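Student: I have a structure open and want to learn how to read it. Can we go through a few features together?

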Amino acid sequence: MSHLTYTEAVVVGLLQGVAELFPVSSLGHSVLIPALVGGQWARDLNVSTPESPYLAFIVGLHVATAIALLAFFWRDWVRIIGGFLTSVRDRRIETPDQRLAWLIIFATIPVGVVGLLVEHTFRTVLGKPVPAAIFLALNGGVLYAGERLRRRESRAADRAVAASVGSTATDLALESDRRLAGLGFSRGTGIGAAQILALLPGISRSGVTMVAGLLRGLSHEDAARFSFLLATPVILAAGVLKIPDLTGPLGNGIHGQVLVGSVLSGVGAYVSVRFLTRYFETRTLTPFAVYCVVAGLGSLIWLGVR
């Protein structure tokens, strides 16, 4: 069985927490970094093997990432869960919180179903360095295209958000959630379905979801917020499903590494979401698009000449 060192756990844990929320693909980086380093890292950290302790480790880190998202958006989730419960009790969907709760549920179903059906195939066939590098470069193209093709409605929404930056964080959150609740179930589900592309290593969950939101008229701030809210149940479910692997034979000898990696993943995710929610109040996906293209093509060249 492959082993996981504490150095590897520290690097991968921090990488997972940051890259999961930045629009640069955590899975793509988790595949590429070991291959680029080579040696023991390439042997230990391989997600494409059928029974991979490394895969169980990085997916298990999702629990820490989800906890960080829940901690940051806890006020929102209290309102959203409350909206869900009252809508079930009253058998109606009227308030913004009730609409947002059901919107998140419907928008999460497509990636949940497809993930259960094809995740293993995608990982074993495509979870290798060369495909990951190609998809990472394509991810950059998607982010850039999203910025170039976004609707006039999205640009107007950006200007409206910029004009209200002086409001309190609570007021901004409430205003954003009200706007998201007005999306409609078809548009919201379409945005959520974009997460299916993130099953490909190198394609960013937050990135493609934000692009889908921008193309449907959302501001950068609302698109990022919706992306993070949608990602929370998906990331949490993926992590919870892998916990039995970590407590079984695949987790033998790496429980300490899992703990260290999880702490760093949670801290990295919390700092990242705090930064990104402010960043997207006034800025765009373009710098991340450039990074992904350069990193993807650079990785292809490096892997080709080694």
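Student: At what angle do helix H12 and helix H13 pack?

Tutor: Axes are lines fitted to C-alpha atoms, for helices over the stretch in contact, and angles run from 0 to 180 degrees between N-to-C directions. Helices here are DSSP runs (H or I, at least four residues), numbered from the N terminus. H12 (residues 220–247) and H13 (residues 255–279) pack at about 180°, and their axes are 14 Å apart. Angles under 35 degrees count as roughly parallel, over 145 as roughly antiparallel, 65 to 115 as roughly perpendicular and the rest as oblique. H12 and H13 are therefore roughly antiparallel.

Student: Where do these values come from?

Tutor: The model is predicted, so local features need pLDDT of at least 70 and side-chain atom pairs count only at pLDDT 80 or more, while totals for chains, interfaces and linings use all residues. Residues are numbered from 1 along each chain as its sequence is written, and side-chain values use heavy atoms, with hydrogens and water left out.

Student: Which residues of H12 and H13 meet?

Tutor: Contact means heavy atoms within 4.5 Å. From H12 come Phe228, Leu246 and Thr247; from H13 come His255, Val258, Val273, Leu276 and Thr277. That contact has five nonpolar, three polar and no charged residues. Nonpolar covers Ala, Val, Leu, Ile, Met, Phe, Trp, Tyr, Cys and Pro; charged covers Asp, Glu, Lys and Arg; the others, Gly among them, are polar.

Student: How many aromatic pairs are there?

Tutor: A pair of aromatic rings is described by the distance of the centres and the angle of the planes. Rings of Phe, Tyr and Trp (its six-membered ring) pair if their centres lie within 6.5 Å; planes under 30 degrees apart are stacked, over 60 edge-to-face, the rest tilted. The count is 12. One of them, Phe22 with Phe275, is stacked, at 5.9 Å centre to centre and 10° between the planes. Phe22 sits in the loop between H1 and H2, Phe275 in H13, 253 residues apart.

Student: Is Phe22 buried or exposed?

Tutor: Buried means under 20% relative accessible area, exposed over 50%, partly exposed in between (1.4 Å probe, protein chains only). Phe22 has 17%, so Phe22 is buried. Phe275, at 41%, is partly exposed.

Terms used
Helices (H or I, at least four residues) and strands (E, at least two) are DSSP runs, numbered from the N terminus.
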